[in-house]
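Me: Please take a close look at one part of this structure, the annotated DNA-binding region, and then go on to the salt bridges.

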4 protein chains.
Amino acid sequence: MSDKNWIQEILQEDGEGQLTPKQAQILQAAVEMFAEKGYASTSTSEIAKRAGVAEGTIFRHYKTKKELLYSIVSPMIVQFAAPLFARHFIDDVLERDHEGFEDFLRHAFRNRYNFVKENAPFLKIIIQEVAFQPEMQQRFKALFAEKLLPSVQKVVIHFQEKGELADIPPETVIRILLTNIVGMLLTRFLIMPDQDWNDDEEIERTIAFLMKGLQPSSSE
Amino acid sequence: MSDKNWIQEILQEDGEGQLTPKQAQILQAAVEMFAEKGYASTSTSEIAKRAGVAEGTIFRHYKTKKELLYSIVSPMIVQFAAPLFARHFIDDVLERDHEGFEDFLRHAFRNRYNFVKENAPFLKIIIQEVAFQPEMQQRFKALFAEKLLPSVQKVVIHFQEKGELADIPPETVIRILLTNIVGMLLTRFLIMPDQDWNDDEEIERTIAFLMKGLQPSSSE
Amino acid sequence: MSDKNWIQEILQEDGEGQLTPKQAQILQAAVEMFAEKGYASTSTSEIAKRAGVAEGTIFRHYKTKKELLYSIVSPMIVQFAAPLFARHFIDDVLERDHEGFEDFLRHAFRNRYNFVKENAPFLKIIIQEVAFQPEMQQRFKALFAEKLLPSVQKVVIHFQEKGELADIPPETVIRILLTNIVGMLLTRFLIMPDQDWNDDEEIERTIAFLMKGLQPSSSE
Amino acid sequence: MSDKNWIQEILQEDGEGQLTPKQAQILQAAVEMFAEKGYASTSTSEIAKRAGVAEGTIFRHYKTKKELLYSIVSPMIVQFAAPLFARHFIDDVLERDHEGFEDFLRHAFRNRYNFVKENAPFLKIIIQEVAFQPEMQQRFKALFAEKLLPSVQKVVIHFQEKGELADIPPETVIRILLTNIVGMLLTRFLIMPDQDWNDDEEIERTIAFLMKGLQPSSSE
DNA sequence: CATGAATGAGGATTCATTCAT
DNA sequence: CATGAATGAATCCTCATTCAT
């Protein structure tokens, strides 16, 4: 299982050193239960029971239940958006621009696909909590506005200038791109995870659709 | 405000006669608070306070807190999907097929846009609760599978046969259509309601994008 | 059914004129439910439902739930003890003393047997409420001490003087008599009502046992 | 006070190890209040207050209020009937049969007298709750039918065959014995605890009465 | 560090009682 | 008289949090 992995990854953002085994158990149990029943409907005693620790132990590591939530969600938001605004990722695209927008799209799409595939429960938690906790909303929007948006915007404008993309407002292009990527992943992993999916084909179909929908009009 | 209106509409689905004033106040308060803080984090005493009634009054009308939730969500799910599977709506489209797929799309899109504009809080509640309450999930999926899917599928296949739509699996077409419509509405009304939006233009841009992305390849 | 009868009887003690039909329904429902579940575990709304009246109607007739209980229990306590201290009943016995103590005992026993047979639910209510409500206890003890005890004591002493009864303290004789009569009736109607009972034989056996146990020692 | 004693005894039936002090306080308070006001009329907050613990503490030890009741009543029912069906108790009687039925009766009577004297409040609780809780009724009847009845029946038949007891149906003999023992104890400890009682004399009088009432007819 | 008993504020729900219709 | 919607205090119970061991 790769469960242990992402829990370790989370910690690394946490600043601290290493996770104790008990801490890892707590985090894992919390992630599972928050995803299953939601934050508000999950009690710390349930988490303790599933984690196999005493209830008090949770509060030794996380001052409050909310802090436990944050310690899960915060690094995850970063992880989720991280690669998209990694400087080298964008720079690569712009440099090797002969590869075209489609390669960028495919690269980003597949990358996020793999990520969500490994971390579906997190996605559910993030969606739920960003919906209700204004603080989370703020953090999310800040991240989006300051990091993701400028990077992607740069890419979009670049390819619009190259004539590969239709002359639609970049914000709209970005909204469309995100909507379709996130929408596909949500449908795939949260809404209808039990249906038969041919993931590769569906991704390629979505990319093809996006490329066609965003290509410049022939007269342009 | 048109709040009073939709609350009355909800009841009509409820089978019963008319809402008492107190009942309407309770529903309105509940909708607001569930949308703000989520079902689990909203206490019945808070609802009572905002509704200006005694806490006991809530339980005179709704045996449990969950029943109160259902009495809000159930009719809403129906309302939300209703027009899309109204027989005459689909039939109209198929008969007046000279109008083309674009008209169908525009009609459906604008119709749902208006609906969500009036009922944004409901949308938030539905999304939240469908995510966690398996019963709601079931109800939602049933509605989708039995009513919405066949109707829309008929339309899609019709236009594919007419050569107006690309030869992509109808399920994928539908997923793409829903993703883009719902995604746009969510972004507009829930995620970034405070940003400047030129709704008409954004809808038209989305439609244009969808039409282009779904049109048959030139060689076909 | 004779249900209607005893309810009317109850009222006559109540001082008032006649019971309205609704009032009778309320009393009957209350008696049934108090006997089934106990006073404290029966809600006025349940009583109203079973009686087929509105909850408010109960409070139109009985200021409080407790008053409703009293209006059932009070007259019943009187009814229960009544014949035993009816002057003429005792006087008869003393006059026709040729009939002996056994006839008195048989008469009293069968009389109470018939009464309990018709009114078993009441018995349960009385036992329960006398056990807990100090006020009821007081009323019950007063009745016993002032009315029943002197009468029966007179009878017992009379037959002791005649040499028909052993020279045991009259209080003990009375305790034994009551214990055996009440004990038999409780076993018969409350504790094991479902077992096969040959009531006539069991009563006669009990009487024979009592007579033998209370007869003077042969040497006396 | 010997309160501490019986509470410890209760637990030993409970299977578990030892009672925490708080748990003992809770049990003691609950016993007192249930006996005073009845189960249904006693609130958990009152119990907590009298026990000197937080209300939540009650629910840490007993999942529900009813479980608290059962944890008191169940072992008590067993305790109450225990010695009567202890194998050696019965066997002793049958072996040393020269001692006669009167010794058996005296032994049993005094044993239960001492027990009730120490545990009067329990008796009240048992009577109340067996009256209303069908589950308790079942448990009680099962215990009686499977354990107590056969043992005592064996003794009764033994002494009937020896000609020490009248030829009355054993069930009736047992009913009479129980009625008189229980009736005396109830009168003594619950109904008229405040009256002057010369317990030894009253017990002996009752035994004498029983022996005489149950002796075979002289002609037999 | 880890525990789990103890806490008490707060949760949903019930209920006797009132009162306008 | 009868109704039943409305009330709010009280009920049983849950839960995040603390703290002595």
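Reply: The end C-alpha atoms of residues 43–62 of chain A lie 14 Å apart, and the span is 75% helix and 0% strand (helices are DSSP runs of H or I with at least four residues, strands runs of E with at least two, numbered from the N terminus). The unreviewed UniProt entry annotates these residues as "DNA-binding region"; UniProt positions follow the numbering used here, feature names are shortened, and annotations may be inferred rather than shown by experiment. This is a predicted model: local features need pLDDT of at least 70, side-chain atom pairs count only at pLDDT 80 or more, and totals for chains, interfaces and linings use all residues. Residues are numbered from 1 along each chain as its sequence is written, chains are lettered from A and ligands numbered from 1 in the order written, and side-chain values use heavy atoms, without hydrogens and water.

Over all chains, the whole structure holds 56 salt bridges (a side-chain nitrogen of Lys or Arg within 4 Å of a carboxyl oxygen of Asp or Glu). One of them joins A:R110 and A:D200 at 3.1 Å, N to O. A:R110 lies in helix α7 (residues 100–132) and A:D200 in helix α10 (residues 199–214) of chain A, so the pair ties together parts 90 residues apart in sequence. A:R110 is partly exposed at 26% relative accessible area, and A:D200 is partly exposed at 47% (buried is under 20%, exposed over 50%, partly exposed in between, with a 1.4 Å probe and protein chains only). Both residues belong to a salt-bridge network that also includes A:E102, A:D103, A:R106 and A:E204.
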